[in-house]
Amino acid sequence: MADCELCTRARPTLFPIKAPVHNLSYPEGAYKGVCDICLENMEKAWQERFGPKPEAKK
Ligand SMILES: [Zn+2]
């Protein structure tokens, strides 16, 4: 079990996402562990704002 870094739910699986964090500790950006629920919500929010991602087309 690990806690999601967004909603703090304890989930068996977390997904690493690239977070737009750029500071001295993370010059390349940081990876955050988020749960499946947050991942899905972020995906929806992204598509509402920017439309479907090009790589999603098949
Ligand atoms: Zn979460």
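**View 1. Tyrosine 31 and the residues around it.** Tyrosine 31 touches Pro16, Ile17, Lys18 and Ala19, leaving aside residues up to four places away in sequence. Two residues count as touching, or in contact, if their C-beta atoms, placed from the backbone, lie within 7 Å. Tyrosine 31 belongs to strand 4, residues 30-34. Strands here are DSSP runs of E with at least two residues, helices are DSSP runs of H or I with at least four, and both are numbered from the N terminus. Is tyrosine 31 buried, exposed or partly exposed? Tyrosine 31 counts as partly exposed, because 14 C-beta neighbours lie inside 10 Å. The scale works like this: a residue is buried with 20 or more other C-beta atoms within 10 Å of its own, exposed with 12 or fewer, and partly exposed in between, with C-beta atoms placed from the backbone. Aspartate 3 is 28 residues from tyrosine 31 in sequence, and the two are 14 Å apart in space, C-alpha to C-alpha.

This is a predicted model: local features need pLDDT of at least 70, side-chain atom pairs count only at pLDDT 80 or more, and totals for chains, interfaces and linings use all residues. Residues are numbered from 1 along each chain as its sequence is written.

**View 2. The loop at threonine 8.** Find the loop between strand 1 (2-3) and strand 2 (10-11); threonine 8 lies there. Its phi is near 65°, a positive value in a residue other than glycine. Most residues other than glycine have a negative phi. Threonine 8 is exposed, because it has 9 other C-beta atoms within 10 Å.

View 3. Helix 1 covers residues 36-50, which makes 15 residues. From first C-alpha to last, helix 1 reaches 21 Å, close to the 21 Å expected at 1.5 Å a residue. That expected span is 1.5 Å times one less than the number of residues. How many of the 15 residues of helix 1 are buried? The number is one, so helix 1 lies largely in the open. Just after helix 1 comes glycine 51, with a positive phi of about 85°.

View 4. Methionine 42 lies in helix 1. Methionine 42 is partly exposed, because 14 other C-beta atoms lie within 10 Å. Methionine 1 is 41 residues from methionine 42 in sequence and 21 Å from it in space, C-alpha to C-alpha. Tryptophan 46 also lies in helix 1. Tryptophan 46 counts as exposed, because it has 12 C-beta neighbours inside 10 Å.

**View 5. The whole chain, for orientation.** The protein chain has one helix and four strands. From the N terminus on, they run β-β-β-β-α. Of the 58 residues, 7% count as buried. The radius of gyration, taken over C-alpha atoms, is 13 Å. A compact globule of 58 residues would have one near 10 Å, by the rule of 2.2 Å times the number of residues to the power 0.38. Mean pLDDT is 86, and 95% of residues reach 70 or more. pLDDT is the predictor's confidence in each residue, from 0 to 100.
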